[in-house]
Amino acid sequence: MPNPLKKLFQRPIIWLSNRFSSNPDRQQVFASLSRLQQEILQGNRQKGLVIPFDQENARFIIFSDQHKGGKDGADDFMAAEQNYLSALGYYYDQGFTFINLGDCEELWECPPAKVIAENRTSLLEEARFLQQKRYFRVFGNHDLQWHYNVPRQQFLKPLFGKKLKVYEGIILQTRYQDNDFRLFLTHGHQGDMRSDGNVFSKWFVAAIWTPVQRFFKVHTDTLSDSFDLADRHNIIMYEWSMQYQHTFLISGHTHKPVFASLDHIDRLTKQLEKAQSKGDATQVSILQKALSARQAEYAGKQFVKTMAHPSYFNTGCCCFSDGDITGIEIAEGFIRLIKWKKDENGPSRVVLEESPLYYLFDQMT
């Protein structure tokens, strides 16, 4: 299709995707997350696990929202696959435990058999972590089927084996200054009225959006292209996390990276304002360049939010249209927002944000 026509149809297509994709309800989000956390803490292993960890020695990598598809015009993962495989190789060799935080496969758009057949390479790389007992999987709204035994046994078992479990949440728990601190990990679709098991939303994606996306070859992701929507959802998740003194929430779902309750643009903006107030011309120049790069990368952001307590994190996604992937690392006593990108030298790891865990714990005490 000629580019002018493609551009003409992109706007209504994206509007439809935004309109029918997500509608987080604050009350429902609060109730769903609180119920899930309580069930896991009470030992309901069907819902999730409590995993103790040592701050200095534990190594976790948390990725979400790969949306592995059918290798066609609607597959948002294809561009990111090389970065993803390089990242998994690095984390496997470095002894990390991999937590896959939902929407790993795109089962709204593609039948499971096709997704598995087209993504054997990346799935087998994930399975290597499980063989070393270093793999945990959480389901999201787009791969909800994996929570059920029959499809899991039929499609995932041949690659992962019998030991694979798929949970709704994971709690990483550690001790600091005589207090238990918890990192509550879940996909983040809970309480989203159009994503949390909603039949119409599934029908819309499968029957309307996917054929249109394939025909026009429009690679767009709803939440990552609608930043006011993503911000609204992230703010609700942040507000939930503020109810619990020693609890940090790590989610995916919105496709928008958040570190210590601020997305990267917010943090750079605040650093720039501080540098300008001090008259630090060198730092102002550095931050202005970094901010310009991020604003181009996240074009479409509507507003800057202020969330004062560092209690909420979001992994971002592994299906950005330029092939970049983002995730959350926990290693050497630090928590980091990282990005894997590809340039002329191949895939490389970039630390976007980092903080010692003890510093965050002190802020929440």
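Let me start with a term: buried means under 20% relative accessible area. Keep in mind that this is a predicted model.

First stop, strand 8, residues 247-251. Five of its five residues are buried, so the strand is largely enclosed by the rest of the structure. Look at its two faces. Thr247, Leu249 and Ser251 are on one side, and Phe248 and Ile250 are on the other. Both faces are covered.

What runs alongside strand 8? Strand 7, residues 179-186, is parallel to strand 8 and joined to it by four bridges. Thr247 in strand 8 is the bridge partner of Arg182. Strand 11, residues 312-314, is also parallel to strand 8, with three bridges. There, Ser251 has Asn314 as its bridge partner.

Now the aromatics. The whole structure has 22 aromatic pairs. Take Tyr90 and Tyr91. Their ring centres are 5.0 Å apart and their planes are at 80 degrees, so this pair is edge-to-face. Tyr90 is partly exposed, at 30% relative accessible area. Tyr91 is buried, at 0%.

Tyr91 also pairs with Trp340. That pair is edge-to-face too, with 6.0 Å centre to centre and 70 degrees between the planes. It links distant parts of the chain: Tyr91 is in helix 3, Trp340 is in strand 13, and they are 249 residues apart. Trp340 is buried, as is Tyr91.

Step back to the cluster. Tyr90, Tyr91 and Trp340 belong to one aromatic cluster, whose members also include Phe63, Tyr92 and Phe160.

Last, Tyr92. Which charged residues sit over this ring? The charged end of Arg128 is 3.8 Å from the ring centre. Arg134 lies over the face of Tyr92 as well, at 4.8 Å from the ring centre.

Terms used: Residues are numbered from 1 along each chain as its sequence is written. This is a predicted model: local features need pLDDT of at least 70, side-chain atom pairs count only at pLDDT 80 or more; totals for chains, interfaces and linings use all residues. Side-chain values use heavy atoms; hydrogens and water are left out. Buried means under 20% relative accessible area, exposed over 50%, partly exposed in between (1.4 Å probe, protein chains only). Helices (H or I, at least four residues) and strands (E, at least two) are DSSP runs, numbered from the N terminus. Two strands pair if DSSP finds at least two bridges between them. Rings of Phe, Tyr and Trp (its six-membered ring) pair if their centres lie within 6.5 Å; planes under 30 degrees apart count as stacked, over 60 as edge-to-face and the rest as tilted. A charge sits over a ring if NZ of Lys or CZ of Arg is within 6 Å of the ring centre and within 35 degrees of the ring normal.
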